[in-house]
Amino acid sequence: MKNDIEIAQEAEQEHIVDIAEKVGLTEDDIEQYGDNKAKVNMDVLEERDLDSNLVLVTAMTPTAAGEGKTTTTVGLGQAMNRLGEDCAIAIREPSLGPAMGVKGGAAGGGYSQVIPMEDINLHFTGDIHAIGIAHNLLSATIDNHMFQGNELGLDPNKVGFSRVVDMNDRALRNIVVGLGGYGLPREDNFMITVASEIMAILCLANNIAELKERMGEIVIGYTFDDEPVAAKELNVHGAMAALLKDAIRPNLVQTLENTPAFVHGGPFANIAHGCNSLTATKMAMAVSDITITEAGFGADLGAEKFFNIKCRYGDLSPEATVVVATARALKMHGGKELDELEDEDLDALSGGIENLEKHIENIQKFGLPLVVAINRFPHDTEAELELIRERCEDMGVEVALSEVFAKGGEGGEELAEKVLDLVENQESEFDFLYEADKSIKEKIETIATEVYGADGVEYSDQAEEQIERYTASGYDDLPICMAKTQDSISDKPHLKGRPTGFTLSVREINISAGAGFLVPITGPVMTMPGLPETPSAEDIDIDEDGKISGLF
């Protein structure tokens, strides 16, 4: 089989104006970025109702074996249109750091990709760059304010707003700024751009006015008297919004089978809320009968935050959920190593299925009907697939075999039919897991015990002090956005399967007042990844004709 970039480069793309027309958009509704991508004007959302059925694609706990959540999302959208349904998809845009690091490209895979694959994985329409510049404008203004006399009394040791760059660069995790007499020397750090609060804000704002207002509410630090200082006190949030006037507009592209796709925003789910922008999701809902979207990593991270944060702020009510699993990944949760996955092992698979069962239970806690999509790999045996099916059916959950990687939309028709059955015949009773007006600890402990299966929560002295500070400042009514490892349902990466008998440890709690949530930090969570010994960038090249290779 050809590799991803070869498949993408051979695809027959339709002109972006024709893709727009498929969902009732005119040339006046879009701004074209060449022949195959466009920005969609925001007034489309003001002119249309959101009548679409919203379906979330999530997954089991990820492993090095791969689960294929984005590939399944794209393939499901293609399958829906093959069945004659009016469907659009809404997914995140990739970050350059992972593309050049470990992960490589992130636009789906095989015959279920969004295209132009090279553009989407590289600079695309410049959204992430714009977010980085807006973020670093505020960072520069903070240090300039302290250098110019510090009228606000901002304590240099309590500045909580770092700098960003869209590249995996571990050397920037901890730095010192202000050396050489050009500022006030202090410790600082870089995060990867997609970890920026600006990214989270852009993905939760409904329009440019709300975007500007939310950026003004960012808590940049505390005064010497321990009072919070908001970004609007530096009066640059208007300039920041001006830098993002185009970035807030969703991007329209297409899949390999010419299904309309809105690709916009990219917060990570282990340190942020892990969903594409509200504007992209709502745009898809405004122009289609069925909207397929995804949330990052496993259901304990992306799906929980999609429901409790994105749906809360966007007034969204999903109709159904797809949980993606693979026999390979389940065997890893059952104790197998990556190089042992091609051999049938029903015992390891049986143990690993406990991980999937916990994610199923978690989706059911939100009152949503669901179907499990088994993303089939070549070495999966019939006995393994049947065991997964039997265990899911024991829980009263439908299972569909998905072969969208190898067959595109055709390989997702069984899954599409079962999703349609859920949407048409099962009533969604969607509700949040907690009310926002509960105390900070009550909300954290609800997620820890109900979603992760922890026995309880322990807090560091720093976390206890921060809870008191946020409560006194009136931030206690914000939702919770847990920063947690993606490698385990628990906060301990080495605990695979379905961990029990553990206590969740919260070492600190950061505030993202502009985005509208509190971020408890649990375990070894990094906001700046590093490059591996052999980065993916070493395989990427371009020839004299401008043809890119190696971007998988």
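Reader: Which helix is Thr72 found in?
Author: Thr72 sits in helix 4, which covers residues 69–82. Keep in mind that this is a predicted model.

Reader: Is Thr72 buried or exposed?
Author: Thr72 is buried. Its relative accessible area is 1%, and the cut-off for buried is under 20%, so it qualifies.

Reader: What is Thr72 in contact with, leaving aside neighbours within four places in sequence?
Author: Val324, Ala373, Val404 and Leu415.

Reader: Let's zoom out. How many helices and strands are in the chain?
Author: The chain has 19 helices and 24 strands. Its radius of gyration is 23 Å, close to the 24 Å that the globule rule gives for 552 residues, so the chain is as compact as a globular protein of that length.

Reader: What box do the C-alpha atoms fill?
Author: Roughly 70 × 55 × 45 Å, along the principal axes.

Reader: And what percentage of the residues is buried?
Author: 60% of the 552 residues. As for contacts with a separation of 6 or more, 75% of them join residues 24 or more positions apart.

Reader: Which domains is the chain divided into?
Author: Domain 1 takes in 4–126 + 247–425, domain 2 is 127–244, and domain 3 is 440–521.

Reader: How far apart are the C-alpha centres of domain 1 and domain 3?
Author: They lie 27 Å apart. The two domains do touch: 24 residues of domain 1 are in contact with 24 residues of domain 3.

Reader: Which residues line the largest cavity?
Author: Glu93, Pro94, Leu96, Ile120, Leu122, His123, Phe124, Ile128, His129 and Asp166. By class, six are nonpolar, two polar and two charged.

Reader: Which domains does that lining draw on?
Author: Domain 1 and domain 2, with at least three residues from each.

Reader: What about pockets? How much space lies in the second largest pocket?
Author: About 1,300 Å³. Its lining has 46 residues. Nearest the centre are Gly160, Phe161, Asn189, Glu508 and Asn510.

Reader: What classes do the lining residues of that pocket divide into?
Author: There are 24 nonpolar, 13 polar and nine charged residues.

Reader: Which element gives the largest share of the lining?
Author: Strand 21, with six residues. Others supply at least two residues each, including strand 7 (154–159), helix 8 (197–204) and helix 19 (461–472).

Reader: Which domains does the lining of the second largest pocket draw on?
Author: At least three residues come from each of domain 2 and domain 3.

Reader: You mentioned helix 8. Where is Ser196 found?
Author: Ser196 is in the loop between strand 11 and helix 8.

Reader: Is Ser196 buried or exposed?
Author: Buried, because its relative accessibility is 2%. Leaving aside neighbours within four places in sequence, Ser196 is in contact with Ile131, His135, Val164 and Met191.

Reader: How far apart are Ser196 and Ala272?
Author: In sequence, they are 76 residues apart. In space, Ser196 and Ala272 are 8.6 Å apart, C-alpha to C-alpha.

Key. Residues are numbered from 1 along each chain as its sequence is written. This is a predicted model: local features need pLDDT of at least 70, side-chain atom pairs count only at pLDDT 80 or more; totals for chains, interfaces and linings use all residues. Side-chain values use heavy atoms; hydrogens and water are left out. On a 1 Å grid over the protein atoms alone, a cavity is a set of points where a 1.4 Å probe fits but cannot get out, and a pocket is an open set with protein on both sides within 12 Å along at least five of seven lines; lining residues have an atom within 4 Å of a point. Ala, Val, Leu, Ile, Met, Phe, Trp, Tyr, Cys and Pro count as nonpolar, Asp, Glu, Lys and Arg as charged, and the others, Gly among them, as polar. Domain bounds come from an automatic or database domain assignment. Helices (H or I, at least four residues) and strands (E, at least two) are DSSP runs, numbered from the N terminus. Buried means under 20% relative accessible area, exposed over 50%, partly exposed in between (1.4 Å probe, protein chains only). Contact means heavy atoms within 4.5 Å. Grid points are joined across faces, edges and corners, and a volume is the space filled by probe spheres set on the points. The radius of gyration is taken over C-alpha atoms; the globule rule is 2.2 Å times the number of residues to the power 0.38.
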